[in-house]
Amino acid sequence: IIFLIVPTFIVIPMSFSASQYLEFPPESWDIRWYENYFGSSEWMTATWVSLKAAVITVLITTPIATMAAYGLYVSQLRLSRFIFILLITPMMVPVILIAIGVFFAYTKLKLNNSMIGLVLAHSTLALPMVLIVISAGLRSYDMNQERVARSLGASRLKAFFIVTLPQIRFSVITGALLAFIVSFDEVIVALFITGGKMSTITRSMFLALRDQIDPTIASISTIMVLVTSIALLLAQVFGQSKRK
């Protein structure tokens, strides 16, 4: 944990440096790089693209993963285990290979530099994590509660929404937050299939680090750490509410 957290404590002070270059510890302090970020139309456009893609990814991935997890959990098919492994395959394949495959497929489908193409790619990457989280939530749920509701006249769909979904809502919300983080932080696929006005914030940061290094990158990294931390905190808050 210390190994992962220490770099964050180095980046945050550098974002408040008054120097033209990345400097730790800063000799003088300023918020000019945050002003540079929020005042740049290029950075704001990239941020909006990332946020929009992340939100749409959540809206697509969460229902699909919930339906898949529920279907596999109640299914009596012998192939259910194989289907589960097939759905989480994107976690096992190196992202660079997925990026190359998506790029060539999108070239034929003319989906490069499009929001729908970006969302579909991010949904593919996020689906395994959301599926695993929701499947874990279902394993700790007593399905007899839903069976009782159905025995009293509720349809399977109604029983799911009024009985099962409230019981696994923490897992669903956690999965949605993970889908947001996966999409918002993803850079490798974005390097292949986006560009120009469709460039994501992470792609723009990567190119900026390659071409020119200034503390604006540190300020953006600090904001992204803050957004991720808030998402994880919300997951914990929902978890506490569920336990109560």
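This is a predicted model: local features need pLDDT of at least 70, side-chain atom pairs count only at pLDDT 80 or more; totals for chains, interfaces and linings use all residues.
Visitor: At roughly what angle do the axes of helix α6 and helix α7 cross?

Guide: Happy to start there. Helix α6 covers residues 95–109 and helix α7 covers residues 115–139. Their axes come within 12 Å, and the crossing is right-handed. The angle is roughly 150°.

Visitor: Is His122 buried or exposed?

Guide: His122 sits in helix α7. Its contacts, leaving out residues up to four places away in sequence, are Ala53, Thr57, Ser183 and Glu186. The cut-off for buried is under 20% relative accessible area. His122 has 2% relative accessibility, so the residue counts as buried.

Visitor: Which element gives the largest share of the lining of the second largest pocket?

Guide: Good one to trace on the structure. That pocket holds about 200 Å³ of space, and its lining includes Met67, Tyr70, Phe160 and Phe161. Two elements give two or more residues each: α3 (41–74) and α9 (156–167). The largest share, 5 residues, comes from α9.

Visitor: How many residues of the lining of the second largest pocket are charged?

Guide: Among the lining residues are Pro63, Thr66, Arg156, Leu157 and Leu165. The lining divides into 7 nonpolar and 1 polar, and the number charged is 1.

Key. Residues are numbered from 1 along each chain as its sequence is written. Side-chain values use heavy atoms; hydrogens and water are left out. Axes are lines fitted to C-alpha atoms, for helices over the stretch in contact, and angles run from 0 to 180 degrees between N-to-C directions. Helices (H or I, at least four residues) and strands (E, at least two) are DSSP runs, numbered from the N terminus. A crossing is left-handed if the near helix is turned anticlockwise from the far one by less than a right angle, and right-handed if clockwise. Buried means under 20% relative accessible area, exposed over 50%, partly exposed in between (1.4 Å probe, protein chains only). Contact means heavy atoms within 4.5 Å. On a 1 Å grid over the protein atoms alone, a cavity is a set of points where a 1.4 Å probe fits but cannot get out, and a pocket is an open set with protein on both sides within 12 Å along at least five of seven lines; lining residues have an atom within 4 Å of a point. Grid points are joined across faces, edges and corners, and a volume is the space filled by probe spheres set on the points. Ala, Val, Leu, Ile, Met, Phe, Trp, Tyr, Cys and Pro count as nonpolar, Asp, Glu, Lys and Arg as charged, and the others, Gly among them, as polar.
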